[in-house]
Structures are given as structure tokens and as C-alpha cells.
Amino acid sequence: MSRILVVEDDPHILRLISMWLQRQGHVVLEARNGLAARDLVRAEPVDILVSDINMPGMDGLALIESVMGEGCVRRGVVVLTNRWDHAEIRDRLAEWGVQVLPKPFSPSRLSELVESLAASRKAGSVAVRPISSERGPCS
Amino acid sequence: MSAQGAAITDDLLLHDLVGGLSMAGRGGAAGGAPVEPLSVGVVGSVAHAPQPPAHCLTSCLAGDVTAIGSRGCAFLISAARNQADATHPGVGGRRSSLANCTKGFRVAAQVTSIGGQAATVLTVEGPLSAGVPREGEAPAEPGAADLLGRLDDAARLVQRIGQMLEENAGFANEILQNYEQLNLIFDLTQQIANVTDVREIEKLLMQRVARLLASETVSVVGTDGRCRTYSSKPADQRSGRPAASFNPADLAQAVDFVRRTRHVRVAGAGGRQIIAAPLVRLDDKVEVVVADRSPARGAFSAGDMMLIESVLAFGGQIISNTELHERMHRMLLEVTRALVAAIDKKDHYTSGHSERGGFLTRLTAKELGVPPAQQQFMEWAGLLHDVGKIGIPEEILCKPGKLTPDEWEVVKQHPRMGYEILQPIASLGVILDGVLYHHESPDGSGYPEGLAGDEIPLVARIVHVVDIFDALTSTRSYRKAFSIERALEIIRAGKGTRVDADVAEAFFRAFDAYRRDHPEDFAARFYALPETECSHVHS
């Protein structure tokens, strides 16, 4: 069981993702934009971040950059994004070891990615390379 | 189930519920101060949690109290139906009961269900306006006359919300399943775009089906009853027989049903189930896809049946189209070869000339960076370039010795004749250019139109070089074949005048690479050139 923060501005999609991950036995927190998500993980780190990219206020890329450097996400990030942005976002995030799924997301693919991230810590590997070496509130 | 998730759901629920109870209470209590429920508790969560006086708590609620609010009574958190019944003997089913709190607070309990779980709704009533009664102070008497009626309203509301939650979960399931299908279709489309082999497409499809249905193996039962069995793990492929875990009687019955009705069937009551669905292939052949899964994974649902049906309908369409495409391609090739064989018969060339023409044209086109689809057309141009010879009288084509100028003029008609033969086949396009212009030279000295330089289509320039090479390396009635090296030299000497320089260079590179990298193929094609009985050089 992992503690997962789902960030998505569309409330229906947000509920759907939460519901799916809860059904897999995870503890799920929800946020509707990047800023709310950042505050949440700064208050208490999560294992996995599942985030949309296009969101009002702070978008997914800014969120990831901000929280990963701070060590607020312990195991890794899965990004869900539009099918037409998918390739570009995937390439941009590949270097950071972030997996990107196109929307509408495949529930089984999402579970697989989440499970592999959850397992990665047990194996002692680092799923996510911090983007910056600055020590943030979670380090 | 996560605590966080439950809280999210129940917060929404309780927000509505408290609102609903307030509405229900607004009718006013008979003869007393208006009362409102202070708090409502549902199994697993808390909303609007006022702090109750401790004595109230203990006297009202003997159950497992895990949350204490700030005003009024608290409520049960983890009461299951039985416990609630025990606490409030009158409560059960649709009945509700009241319990008097020592300080005048009243608690009513209603057992209901939310989202399929037993839930106890506790309505704690106190004089809101009067605030929390202090120790020793007499509490205002709540107007409790219609509390039972309000409680019924509350219970109905809770039930309605429970139904809505269940419906929501149902919709969510359906959406998730649709997402999965949509992704499968996107993935398959993408993967299959790069795969032209029907077996490979089938393998990809079945592996995905196995994963979606949480099956370890999936078998495709052919029309002849033979099976092709695929595993969700790509490394573990078997074939020829169905998965060992299938019950033979269930399998036979399900396969028969699906063949007859073309509908999905789940068979095998109790123990290990199988699901069978139609895969309709080309010519309306119905094959049956059968999958099972371990009983631990649960029975196949209506959703699983819909999933396999839609995925196989889509996959079957792709497979049929690919098969149709392959069949058409094969047919076209066979017709082309038949045509080529007809020319070669007439010319007494062996089919070697046309075959080599096609092969070398493709090799050179590839070297020049021509896109693969165009390479295919150019290969056909190489194969068919001499088709017009079919219209040249045999006595000229096979005349031993030198041709007269008039006879030569007749031979020179063959590119145009070939063009005219093939021209009705509109889709041949680039092939026609190759046939009509394969005797044109860059310096304008060729025929039939005397085109020069870039006026000559690329395909014709390639076929021209290839044709000269093959003619030079073949034995004719009036001369022996030149050696390959000598033929290459002759072409090199004609660069820029007789043959296009860039094309000739590409031909040399492609030819050398082929000779170096595939010595055996090369020897078979170019060292075993059969003697030809006749034919005049026409390059």
C-alpha cells in the first residue's frame, strides 16, 4: 500500500483515478492543481505522485520540478497527459525517469506503473533522480 | 479500502445528509424550540462533530465511540448492524428508536446501508440555540415529537445517497473499462501499423486479451479444430493444442456455441471458468478465442464479455484486412509473373532477365534513398520493362545474326507496346514510366521519345542501367556474354551520355554491397546465367 497524491483539474477524472487506485489498496490524496498539491506534499511527503500536466495555476511540469527536488515524493511520479501532447511530454520527462501515460489512461497500465514504483523502493533503487540538489522542506 | 478514500466519499455524503436532516427538522418541533440535528454519524466517518458532554456520551451510546465532537453527542464510528441493534434494542431494519440522554439530548438511530455496507445513522438532537448545556444546568427540552418522522426522512436520504454511490461506482467501472478498451485499441492500432504479418498481429492481440482478462493463456481454435495457444507472458508460447487448464467438455460446448451463434459464452460452472468469443476472419471464417483464469481471480463478468467481444471485433477486422491485403498483393505478384513468363516464353529469354531486372532495380532504388513503397513499384517496373516484346514478331525477335535497320525499328517499338499493354491498369503509375522510357539516354540519343537528362523519370533511368547490365552479361545469338567486370566498365564509360551518372554510381555501390554481403545469393543469381537461344541486344 502506498500513499499516492493524485493531481488533476478535472474533478470527474480525479475521482476516477482516485477510485481506481483506492481499489488497488492505496491511500489516495487529491488535489485540483499544482499549488494545492505542492502544499499537500510539503506538509506530508507521499510515496507516489500521479499528476496531470495542463492545469490552471501551477502546471504538472512545474509541480514535478518543485516537489521532486525537495524530496517530497519518495518513490516516483506518473504523469497522465493528453494523447496529442504525449510524445513531447514523454521525451521531456524521460530524463527524469518519469513515466507518462496518455489520457484516457489505461487503468491496468496505471496500476502496473504504480506497482513498479512501489516495488522500486523495496529493491533499494532510486526511482526518481532529484532534479535539483537544493534541499527543500522534505529533504 | 483506504481511510482517506472513505473520508472523501463520506464527507460528501454527510454534508448532504446533515443538510437533509436540517431541512427535515425545519418543519419545527411540535410545541418546542426549533431543533436541529447537531450531528450525524455514519459507519466509518464523522461529519460536523461537536463536542458532547462526556456523561451524555456514555449514557447515550454504549457502542464503540471513537470520535468525540465539540457540541452535543458524538456518534458511533464503527458500529456494525448488530452492535447498533444491541445498543439500541429497538433499532433494526426500518425501525428507529430514541434514547434519552441524561442531559436532555436525544439520540435516534437508524440502521441502513450505504454503498452496500451496513451503516448506522445516529441523529443527536439538542437545543442548538441554547448552546451546550453546562454541568448542572437543566437542558432545554428538545421538541422530539416528530423526531421519528425526521429520522425516517434521514434514513431515506441515506439510502438514496447509498444508491447513488453504488450507481456512481457502477458508472466509474464502466468508464474505467471503456478507457481500457480504448487504450487497447489505440495500442493495437499503433503496434499493428508496423506489423504486416497476420500471425504477429494475432499474437499481439491475444497477449493483450490475456492481460485484459487476467488470463494466463488464450487459445485460438481454428475452423479445423486445431489450436494456437498464446501466453500473457511473451516468452511462453505454445501451439497445436488448447491450454491444458481448459476442461475439455466445457471447451467443446463453448466452441460449438460460439461457432453457431457468434456470441460470447462463459462456460464451466463453479470451478474454473472459460470465456469463449468469436474471431471472424477473412471469408467469414469463425475461429473461437478461448481464455480462462484462476478461480482466485473471480468469475468472468458481463464487463469481461463485452470487453472480449469488442476487442476481437476490432482485432478480427484488422486481421481480415491484413489477410485481404496480403492476398491481393500475392495475386498481383502472380499476375505480374504470369505476364513476365509470357514475354520470356516469346523472347526465349529465361525469366532470369526480368527477375534480375526487378531485383537490381529495387536494390539501386533503395541505394538512391527511394521510399520503400516506391521501391516496390520500381521493382515491378524492372520486372515488366520488356512486356512490350510480346508484340514484336518472333522472326525478328529471334532472328539469328544482325537485324536490318527496318527490323531494328520494329524492335524499338517494344517500350511503347509495353506501355500500351499496361496503360489500362491505372494504378501502375510509376511502372508505366519505367516501361515506356527505359531506353532513353541522358544525351537524348535514346528512344522512343529522345528525352534527355532530368526529363527521363528516375524509375526509367534506373531500369535503363539495370537492363544494360543484364543484357551485357547475357550471351546472345551473335556474341558471348561479357564478364561482370567488363559490363560494369562499359556502363562506367557511358556515364552522363548513355546512362545517368548518379544512378550508375548508386548501381555500382548497391551491386558491390550485394556481392560482398550475400556471396551465395549473388553466385546463384549471376554466375549461373543460363545460355539464351536468341534475342538482340536492345540497350
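Predicted model: local features only at pLDDT ≥ 70, side-chain atom pairs only at ≥ 80, totals over all residues.
Local features were kept at pLDDT of at least 70 and side-chain atom pairs only at pLDDT 80 or more, while totals for chains, interfaces and linings use all residues. Residues are numbered from 1 along each chain as its sequence is written, with chains lettered from A and ligands numbered from 1 in the order in which they are written.

Chain A holds 5 helices and 5 strands, where helices (H or I, at least four residues) and strands (E, at least two) are DSSP runs numbered from the N terminus. Read from that end, its elements go β-α-β-α-β-α-β-α-β-α. The 5 strands make an open parallel sheet in the order β2-β1-β3-β4-β5, with two strands taken as paired if DSSP finds at least two bridges between them. β2 (27–31) and β5 (99–103) of chain A sit at the edges with a single partner strand each, so one side of each has no neighbour in the sheet. From one strand to the next, the twist averages 20°; axes here are lines fitted to C-alpha atoms (for helices, over the stretch in contact), and angles between N-to-C directions run from 0 to 180 degrees.

Strand β1 (residues 3–7) of chain A runs parallel to β2(A) and is joined to it by 5 bridges; along this pair, A:Val6 stands opposite A:Glu30 of β2(A). Helix α2 (residues 34–43) of chain A lies across β1, β2, β3 (46–52) and β4 (73–82) of that chain, at about 165° to β1(A).

Over in chain B, helix α7 (residues 302–347) counts 46 residues and spans 67 Å from first C-alpha to last, close to the 68 Å expected at 1.5 Å a residue (1.5 Å times one less than the number of residues). Its buried residues include B:Leu307, B:Ile308, B:Val311, B:Gly315 and B:Ile319. The axes of α7(B) and helix α5 (residues 198–212) of chain B come within 10 Å and cross at roughly 175°. That makes the two roughly antiparallel (under 35 degrees is roughly parallel, over 145 roughly antiparallel, 65 to 115 roughly perpendicular, the rest oblique). Residues meeting here include B:Val198, B:Ile201 and B:Leu205 of α5(B) and B:Leu307, B:Ile308 and B:Val311 of α7(B).

Helices α9 (residues 372–384) and α14 (residues 458–472) of chain B also come within 10 Å, their axes crossing at roughly 45°, which makes α9(B) oblique to α14(B). B:Met378, B:Ala381 and B:Gly382 of α9(B) make this contact with B:Val459, B:Ile462, B:Val463 and B:Val466 of α14(B). B:Val430, in helix α13 (residues 430–436) of chain B, touches residues including B:Phe377, B:Met378, B:Ala381 and B:Val459. Its C-alpha atom is 6.6 Å from that of B:Phe377, 53 residues away along the chain. B:Val430 is partly exposed because it has 18 C-beta neighbours inside 10 Å.

Finally, the contact between the chains takes 14 residues from chain B and 16 residues from chain A. On the chain B side, α1 (3–25) and α4 (147–193) are the elements giving two or more residues, and α4(B) gives the most, with 7 residues.

Technical notes:
Contact = placed C-beta atoms within 7 Å. Buried ≥ 20, exposed ≤ 12 C-beta atoms within 10 Å, placed from the backbone. Lists of a residue's contacts leave out its neighbours within four places in sequence.
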